[in-house]
Amino acid sequence: MPLDNVVFWVFAPLSIATAIGMMVVRNAVHAALFLVVNFFTIAVMYLLLDAPFLFAVQIVVYAGAIMVLFLFVIMLLGVDRGDPLGERLFGQRTTAVILAVAIVAEVATAIRAGVGFATTAPEGFEAANPGGNPSALADVLFRDYFFPFEVTSILLIVAAVAAMVLALRRSRSVTQREIEEHEGDDLEAYAMAPPGAPESMRGGTR
Amino acid sequence: MRTPIAYFLLLSAILFALGSASVLLRRNALRIFMGVELQLNAVNLTLVAFSRMHLELDGQILAFFSMVVAAAEVVVGLAIIVAVFRRTGTADVDRADVLRG
């Protein structure tokens, strides 16, 4: 059995197992950690498919940046109490499982008709990768896909600004008159309350 | 003999189905988001597998762009979840039933 077959049959079941773990486990932090392992297994699949650059990007971007962001938000919100169980819609769980199985069956049929289960990847991928995979990718990226590449830079800036605008806690400026009116109030509670919150939350004792 | 391409595609289909099942089953916005990430990864795996099969690099480029867009999407999505959490005090998607900010 050649080595990449062995690697596939070790990491593919691991990938499916961690995906199932991500789905069923109750604690959100545990789910995020399962997802990290799953991203690593997908990175190994990229390596098997002769895409070493995407292997590195997958680990840096997904297993690194995105999962850190996820864990950070989980810690920030403190949602490690677990997901509320129970169905809101009747038969939701059964329907979801049936639909998932249906997707797999449908795609498997399509693969069988379109690709065939025995088709192996043709040789000669090295010829399509002159100077190594990252160098060849850069060649294609900066020549054929230069405009989309520049558009993604705008997208990233817009996303960063949008995240700041959304996550910013709006603080309103307070006038001198308001301070005099509210003298003796619990000003700290007033300042911490979100705008538009009911008066009771603001500790208003006027 | 190398691993057939269809096995990678099947793995990707299974991961996609598990991701969508996770989206359908979970009610916590963060868990739903993790399911969406799994789906995106499954599709990326398909793109790379087809890139290998057709000896073209365009699939890998597309997967690369998809990763960039996914990173931007995660940033905005998590910011929205944080904003909703501040407003409603919960990450349960069923509780966020008004569009008013």
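Helix α3 of chain A (residues 52-77) packs against helix α3 of chain B (residues 58-88) at about 5°, the axes lying 11 Å apart. With angles under 35 degrees counting as roughly parallel, α3(A) and α3(B) are therefore roughly parallel to each other. This is a predicted model, where local features need pLDDT of at least 70, side-chain atom pairs count only at pLDDT 80 or more, and totals for chains, interfaces and linings use all residues. Residues are numbered from 1 along each chain as written, with chains lettered from A and ligands numbered from 1 in written order.

**α3(A) with α3(B)**
- Residues of α3(A) including Leu54(A), Val61(A), Leu69(A) and Leu76(A) meet α3(B) residues, among them Phe64(B), Met67(B), Leu78(B) and Phe85(B).
- This contact has 18 nonpolar residues, one polar and no charged (Ala, Val, Leu, Ile, Met, Phe, Trp, Tyr, Cys and Pro count as nonpolar, Asp, Glu, Lys and Arg as charged, the others, Gly among them, as polar).

**α7(A) with α3(B)**
- Helix α7 of chain A (residues 146-167) and α3(B) have axes that come within 9 Å and cross at roughly 10°.
- α7(A) and α3(B) are therefore roughly parallel to each other too.
- The contact of α7(A) with α3(B) divides into 19 nonpolar residues, one polar and no charged.

**The whole interface**
- In total, 63 residues of chain B are in contact with 76 of chain A (C-beta atoms, placed from the backbone, within 7 Å).
- On the chain B side, α3(B) gives the largest share, 21 residues.
- That side of chain B has 47 nonpolar, six polar and 10 charged residues.

Definitions and conventions:
Axes are lines fitted to C-alpha atoms, for helices over the stretch in contact, and angles run from 0 to 180 degrees between N-to-C directions. Helices (H or I, at least four residues) and strands (E, at least two) are DSSP runs, numbered from the N terminus. Angles under 35 degrees count as roughly parallel, over 145 as roughly antiparallel, 65 to 115 as roughly perpendicular and the rest as oblique. Two residues are in contact if their C-beta atoms, placed from the backbone, lie within 7 Å.
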